[in-house]
Amino acid sequence: LLESNSDFIQLSTCDLLRQEQETGSEMGKKIGALLKDGQFATDEMITVIVDKFMKDNAYKSIIFDGYPRTVSQADNCLKSGIVFDKTFFILQFILTL
């Protein structure tokens, strides 16, 4: 909703991982192999694709979806100068009767 009604763009690490995989790059192939085996991409891989996204979208308002997830990724934010102006926690509850 924010993205479609404003100047915000979304950073989704899941989307970025898929896009990298589709390029057929060496990293994309490694990401594909990990995901196929049910494993997670490494923090190093996530850092590389997020850094590229940030460089490509400098000075834009960004909604971070699922990033950072680890202390290492949060450290990368600090080192890269990423500043979070606002933080939202969205909780979803599913009730079953």
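Reader: Which residues touch the most other members of the largest nonpolar core?
Author: This is a predicted model. The largest nonpolar core has 15 residues. Those that touch the most other members are Leu11, Leu16, Leu17, Ile46, Val50 and Tyr67.

Reader: Which element gives the most to this core?
Author: Helix H1 (13–23), helix H2 (26–36) and helix H3 (43–56) are the elements that give two or more residues to this core. The one that gives the most, with 5 residues, is H3.

Reader: What does Val50 touch, not counting residues up to four places away in sequence?
Author: Val50 is among the core residues that touch the most other members. With residues up to four places away in sequence not counted, Val50 touches Leu11, Thr13, Leu16 and Tyr67.

Reader: Is Gln73 buried or exposed?
Author: Gln73 is found in helix H4 (residues 71–80). Leaving aside neighbours within four places in sequence, Gln73 is in contact with Asp43, Ile46, Tyr67 and Pro68. A polar atom of the Gln73 side chain also lies 2.8 Å from the backbone nitrogen of Arg69. The relative accessibility of Gln73 is 5%, and under 20% counts as buried, so Gln73 is buried.

Reader: How are H1 and H2 oriented to each other, oblique or roughly parallel?
Author: The axes of H1 and H2 come within 7 Å and cross at roughly 120°. The crossing is left-handed. In the contact, H1 uses Leu17, Glu20 and Gln21, while H2 uses Met27, Gly28, Ile31, Gly32 and Leu35. Angles from 65 to 115 degrees count as roughly perpendicular and those over 145 as roughly antiparallel, so H1 and H2 are oblique.

Terms used. Residues are numbered from 1 along each chain as its sequence is written. This is a predicted model: local features need pLDDT of at least 70, side-chain atom pairs count only at pLDDT 80 or more; totals for chains, interfaces and linings use all residues. Side-chain values use heavy atoms; hydrogens and water are left out. A nonpolar core is a set of buried Ala, Val, Leu, Ile, Met, Phe, Trp, Tyr and Cys residues joined through side-chain atoms within 4.5 Å. Buried means under 20% relative accessible area, exposed over 50%, partly exposed in between (1.4 Å probe, protein chains only). Helices (H or I, at least four residues) and strands (E, at least two) are DSSP runs, numbered from the N terminus. Contact means heavy atoms within 4.5 Å. A polar contact is a pair of N or O atoms within 3.5 Å; within protein, one must be able to donate a hydrogen and the other to accept it, and residues adjacent in sequence count only if both atoms are side-chain atoms. Axes are lines fitted to C-alpha atoms, for helices over the stretch in contact, and angles run from 0 to 180 degrees between N-to-C directions. Angles under 35 degrees count as roughly parallel, over 145 as roughly antiparallel, 65 to 115 as roughly perpendicular and the rest as oblique. A crossing is left-handed if the near helix is turned anticlockwise from the far one by less than a right angle, and right-handed if clockwise.
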